[in-house]
Amino acid sequence: MADEKIENVVSGEEPFLGTLDIALLVILIAGGTWYFTRNRTKPEEQGRTYSIQPTTVSTAAVTENSFIKKLKASGRSLVVFYGSQTGTAEEFAGRLAKEGIRYRLKGMVADPEECDMEELLQLKDISNSLAVFCLATYGEGDPTDNAMEFYEWITNGDADLTGLNYAVFGLGNKTYEHYNKVAIYVDKRLEELGATRVFELGLGDDDANIEDDFITWKDRFWPAVCDNFGIEGSGEEVLIRQFRLLEHNDVQLDRIYTGEVARLHSLQNQRPPFDAKNPFLAPILINRELHKGGNRSCMHIELDIEGSKMRYDAGDHVAMYPINDKDLVEKLGLLCNADLDLVFSLINTDTDSSKKHPFPCPTTYRTALTHYLEIAAIPRTHILKELAEYCSDENDKQFLRSMASITPEGKEKYQSWVQDACRNIVHILEDITSCKPSIDHVCELLPRLQPRYYSISSSSKLYPTKVHITAVLVQYKTPTGRINKGVATTYLKAKNPEEGEVKVPVFIRKSQFRLPTKPEIPIVMVGPGTGVAPFRGFIQERQHLRDEGKQVGESILYFGCRKKSEDFIYEEELEEYVEKGTLTLKTAFSRDQEKKIYVTHLLEQDADLLWRVLGENNGHFYICGDAKNMAVDVRNILVKILKTKGNMSEPDAVQYLKKMEAQKRYSADVWS
């Protein structure tokens, strides 16, 4: 990829004002004119309230980043920070701040990225003050994007946090190697810096029931807080709405959000840089089926990113904003007796909150349910608790309340009736017919629809203006007989470029999943199924280097699928790389013989080969795919090989693998 060139033109004589000076002068004059004339414009009609976020941060916004000032001005003493990648940590933070009022601790939610976190030193000046951190661990034990600066600040700094009262709840997944690493570290580090832990660290496991973990923790957290500050709770929980409804009867069409993530009209008027808040509408050039048979579908999709100025490397991810199935949206509208085309806004009742709306407003209910809300997700128990209040039948009300409780019976009911049965909000309202919630409250309760991430299956060396995606269509029958469909893959499946131009909103997320900087280093790649995606990019890149006459190390790929004749994706491509001498391919087709064979069996058989590449030649090892079973099994096999072939004890083998991770010689791109 060629960097943009900056040319310096030197002439014999420079003018007094250059082009840039004139441009800045024009902007200043225009800004001054707007400032002095803005109050003379006609005021908005009653009921037309907007919050259209600009893409640049104004100087006024910067002064509002003081959470200490906000706490003091509003008489609050509780601040709940969140480090969130998918929205769950932010949701938990909101619930804690909301509950604080029951315990005479008026609270606020804060994004550490938008705050001056050095103000934690001043929090002790507020009576009965408490900082709570809801922090997710992401990737290879990393903090989320919005918590990165705070994490680095406490890691590298030596601030004296004596007098700061704090508590930490972590969000992680036990199938990953670095389970809740961020929360564990922050909890320990805050204590090292002199802060006082008010309650023990809470650890939520998303592989099991993170909602249950959170509720169990917070129900012990609040009594500990009360004991610490000598305060009493106000008794029965009162359900309080966080947002108030404003319906718009007379609003200009060009002021209504139609699916934009942040800036109004950003999808119509595209301008870089493109990121999570400003995705690029990428045309789909190719959408073809990879499976040759069977009843499953796997798509190969090629996106055109020319003109976007987005760059990627093999191993990076592309994120896509999907939309919900329109039939599901219509059903939810009917179940709530809603006019889906009504224009509305949800406005935060907390005027000091930086989050004025739960999603871009004003918009229609149809747009909110289509673009902004996770309507196909399994609802958490706090949603059931609030839905219960809309039941006209007392038995239905008690049923929902029981599933939202922390009793063993309630947890068991929730597990079987909601989770195991894969019921989403639509299914719950279909099956509990007396529950008729208001559509605006449903919009407040449901989490935000999140972008879906895919390992890029191409190399920018070959395809600088294209991004390839490899995705299996998600579709399954639930125990209730319903057909559940994956939000993103169903959306993608319908995008057929042969029927006309189709586009999807995307952005690139950088990854640490990288080829060795020296191409002569040997690599081992384990990628069954669509786990082969990033390795397709790796192999393309290594072939490109060989074509340029460069020395390239051994590249070994372990690939597995069910049947060679049905789901051996990219078979012809991979075989061609083998013929050219670029790739050594090891395949396992689990259902092509009576006894199932997986890639793990091949790895066990190749102990000598793996030790030679990894132990003797300092090769790199990569794994992509299922985190829960396959990735854990592969790691255990490697430990076993290090023990037997490297003559190591178990602790030494485990330590050797950790050293490989630290050196970026062992990398995982896995999901559960």
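**Helix packing and ring pairs in a predicted model**

In this predicted model, A607, D608, L610, W611 and L614 of helix α20 meet L638, I641, L642 and K645 of helix α21, where contact means heavy atoms within 4.5 Å. Helices here are DSSP runs (H or I, at least four residues), as are strands (E, at least two), numbered from the N terminus. Helix α20 covers residues 607–616 and α21 covers residues 630–645; the two pack at an angle of about 85° with their axes 10 Å apart. Axes are lines fitted to C-alpha atoms, for helices over the stretch in contact, and angles run from 0 to 180 degrees between N-to-C directions. That makes α20 roughly perpendicular to α21 (65 to 115 degrees; under 35 is roughly parallel, over 145 roughly antiparallel, and the rest oblique).

Residues are numbered from 1 along each chain as its sequence is written. Local features need pLDDT of at least 70 and side-chain atom pairs count only at pLDDT 80 or more, while totals for chains, interfaces and linings use all residues, and side-chain values use heavy atoms, with hydrogens and water left out.

Next up is helix α16, residues 533–547. Its 15 residues reach 22 Å from first C-alpha to last, close to the 21 Å expected at 1.5 Å a residue (1.5 Å times one less than the number of residues). Twelve of the 15 residues are buried, so α16 is largely enclosed by the rest of the structure. Buried means under 20% relative accessible area, exposed over 50%, and partly exposed in between (1.4 Å probe, protein chains only). Among the buried ones are F535, R536, F538 and E541. Just after α16, G549 takes a positive phi of about 90°.

Now for the rings. A search of the whole structure turns up 29 aromatic pairs. Rings of Phe, Tyr and Trp (its six-membered ring) pair if their centres lie within 6.5 Å; planes under 30 degrees apart count as stacked, over 60 as edge-to-face and the rest as tilted. F67 and F81 pair edge-to-face, with 5.2 Å between centres and 85° between planes. F67 belongs to helix α3 and F81 to strand β1, 14 residues apart, and both are buried. The ring centres of F359 and Y372 are 5.7 Å apart and their planes are at 15°, so this pair is stacked.

The charged end of R509 sits over the ring of Y453, 3.6 Å from its centre (CZ of Arg or NZ of Lys within 6 Å of the ring centre and within 35 degrees of the ring normal).
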